[in-house]
Amino acid sequence: MSFTEFNSSGWLLTGISGSSAPGWLVLHQGRLSFTIPGSVVFDVKWTTIERVVFPWYYFGGGMKLWIGGTQHRLSFVRPNGAEVAMARGLSAAGSPLGLLMAAGKVNDMVSGRAAGKRWRELLGT
């Protein structure tokens, strides 16, 4: 059996505070892995994934998956954080850099949703 290969950046969402860790999601030779700096979150045969859901409230840019009874929440769109506050501050000060940062966020949403679409195709949900 041949396997499609794909990889993308992603963020592991943890806790109710919305904290996240940047990482890399890879489908290679029938294995799915997600690593963050200094740690492997999971590295399993894709057939051992118990469940994959692409919730509507992630707007196509994220998924939840269960492996070994553990739920992992992944976003392919950079979670909101300091860059949004910085853009607002720059815009309030009249700086055009605020608009550039906002445009970067829009581009990130587009690429994150495209990655989510591809993962949905590959993981069969």
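1. Buried means under 20% relative accessible area, exposed over 50%, and partly exposed in between, with a 1.4 Å probe and protein chains only. By that cut-off Phe59 counts as exposed, because its relative accessibility is 57%. Phe59 sits in the loop between strand 5 (49-53) and strand 6. Its phi is near 50°, a positive value in a residue other than glycine.

2. A word on the basis. This is a predicted model, where local features need pLDDT of at least 70, side-chain atom pairs count only at pLDDT 80 or more, and totals for chains, interfaces and linings use all residues. Residues are numbered from 1 along each chain as its sequence is written, and side-chain values use heavy atoms, leaving out hydrogens and water.

3. The protein has two helices and seven strands. These are DSSP runs numbered from the N terminus: helices are H or I of at least four residues, strands E of at least two. The order along the sequence is β-β-β-β-β-β-β-α-α. Of the 125 residues, 34% are buried.

4. Gln29 also deserves a look. Gln29 has a positive phi of about 50° and is not a glycine. The residue lies in the loop between strand 2 (19-28) and strand 3 (31-36). Gln29 counts as exposed because its relative accessibility is 58%.

5. Check Lys64, in strand 6 (residues 62-67). Lys64 is buried but has no salt bridge (a side-chain nitrogen of Lys or Arg within 4 Å of a carboxyl oxygen of Asp or Glu). Glu50, the nearest side chain of opposite charge, is 14 Å away. Lys and Arg count as positive, Asp and Glu as negative; His and the chain ends are not counted.
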